[in-house]
Amino acid sequence: MRSIARGATGIYRNVPQREVEMDTHDVTQPAAMAIPKGGYFKQEKGRYGPVYPRTPANYGFTIIAKIKPGREEIIRQYGQTIEKTIGQLPDALATLKLHYLRWVLFDIGPDTYFMYQGIFDTDFDKYTEDAIALFTKYGINTVFENLEGFPEDWKTNVPAFAKFMREHQRPSFLEYGEYPYVSADEIKKALNLKRTFSEMLDQMQ
């Protein structure tokens with residue numbers, strides 16, 4: 001798998017992806033990556049389909065699917081449930097190694113669609129497996145149950161879950177990172193270090 005090598009503009013060309021990630025990138029310099037139409041540079045088989053590359057924004061996906069009729073309010077309530085859960089248990093989704101989630105509902109003609117955008121630190125397949133394990137552990141349902149075509153046996157049928165996700169994935173053609181390839185854990189460590197340093201300076205005054 002090859003990406004685009006970083007020059008003065010922060011763009012990468014013709015450098016193996018692994019080399020970019022581990023050796024040549026400067027996390028203090030912004031980087032961008034243009035991605036081919038299929039979502040990857042070279043087709044490599046993962047556990048459930050093609051392996052998507054890690055980009056300067058890390059891993060992620062955009063899922064777009066039609067919701068079942070009459071489910072819009074249920075989906076919105078699910079968002080409130082997530083807010084309440086994280087308020088009470090901040091580490092509830094820690095397994096997923098998330099940076100961000102963005103959920104959007106929008107209409108096309110008479111139909112309403114749901115868009116799920118996530119940025120995370122694991123690959124596509126592991127994120128899917130971890131999500132199923134997390135929901136199963138806590139005995140809760142997923143918002144995807146409100147989408148047309150989502151498998152009813154998703155808790156015990158990982159391939160079917162992954163198939164649905166991949167069929168409704170819309171790959172990015174450009175991704176940008178202001179601090180490229182930095183993991184959520186690294187960001188948290190840096191913020192904790194900053195806080196500790198600030199507290200130390202306060203005590204010295």
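**Charged pairs**

I started with Lys163, which is partly exposed at a relative accessible area of 49%. For that term I used under 20% relative accessible area as buried, over 50% as exposed and partly exposed in between, with a 1.4 Å probe and protein chains only. The model is predicted, so local features need pLDDT of at least 70 and side-chain atom pairs pLDDT 80 or more, while totals for chains, interfaces and linings use all residues. Numbering runs from 1 along each chain as its sequence is written, and side-chain values use heavy atoms, without hydrogens and water.

Which residue forms a salt bridge with Lys163? I found Glu167, with the closest N and O atoms 2.4 Å apart. A salt bridge here is a side-chain nitrogen of Lys or Arg within 4 Å of a carboxyl oxygen of Asp or Glu. Glu167 and Lys163 are four residues apart in helix α4, so about one helical turn separates them. Helices (H or I, at least four residues) and strands (E, at least two) are DSSP runs, numbered from the N terminus. Glu167 is partly exposed too, at 47%. I also noted a network: Arg47, Asp123 and Glu129 are joined by salt bridges that share partners.

How many salt bridges does the whole structure hold? My search gave eight. One of them pairs Asp111 with Lys66 at 3.6 Å, N to O. Asp111 sits in strand β6 (residues 111–120) and Lys66 in strand β4 (residues 59–66), 45 residues apart. Asp111 is partly exposed at 28%, and Lys66 is partly exposed at 26%.

I then checked Lys97 and Asp185, whose side chains meet in a salt bridge at 3.1 Å, N to O. Lys97 is in the loop between α2 (72–88) and β5 (98–108), and Asp185 is in helix α5 (residues 184–204), 88 residues away. Lys97 is partly exposed at 33%, as is Asp185 at 34%.

I searched for cavities of 30 Å³ or more and found one. A cavity is a set of points, on a 1 Å grid over the protein atoms alone, where a 1.4 Å probe fits but cannot get out; lining residues have an atom within 4 Å of a point. Of its 16 lining residues, Leu96, Trp103, Tyr116, Tyr127 and Phe135 are the closest to the centre.

Which element gives the most to the lining? It is α3, with three residues. I sorted the lining into 15 nonpolar, one polar and no charged. Nonpolar covers Ala, Val, Leu, Ile, Met, Phe, Trp, Tyr, Cys and Pro; charged covers Asp, Glu, Lys and Arg; the others, Gly among them, are polar.

**Ring pairs**

I counted 21 aromatic pairs in the whole structure. Rings of Phe, Tyr and Trp (its six-membered ring) pair if their centres lie within 6.5 Å; planes under 30 degrees apart are stacked, over 60 edge-to-face and the rest tilted. Phe61 and Tyr127 are edge-to-face, at 5.3 Å centre to centre and 85 degrees between the planes. Phe61 lies in strand β4 and Tyr127 in helix α3, so the pair ties together parts 66 residues apart in sequence. Phe61 is buried at 3%, and Tyr127 is buried at 2%.

Trp154 and Phe161 form a tilted pair, 6.0 Å centre to centre with 50 degrees between the planes. Trp154 is buried at 1%. Phe161 is buried at 1%.

Note on methods. On a 1 Å grid over the protein atoms alone, a cavity is a set of points where a 1.4 Å probe fits but cannot get out, and a pocket is an open set with protein on both sides within 12 Å along at least five of seven lines; lining residues have an atom within 4 Å of a point. Grid points are joined across faces, edges and corners, and a volume is the space filled by probe spheres set on the points.
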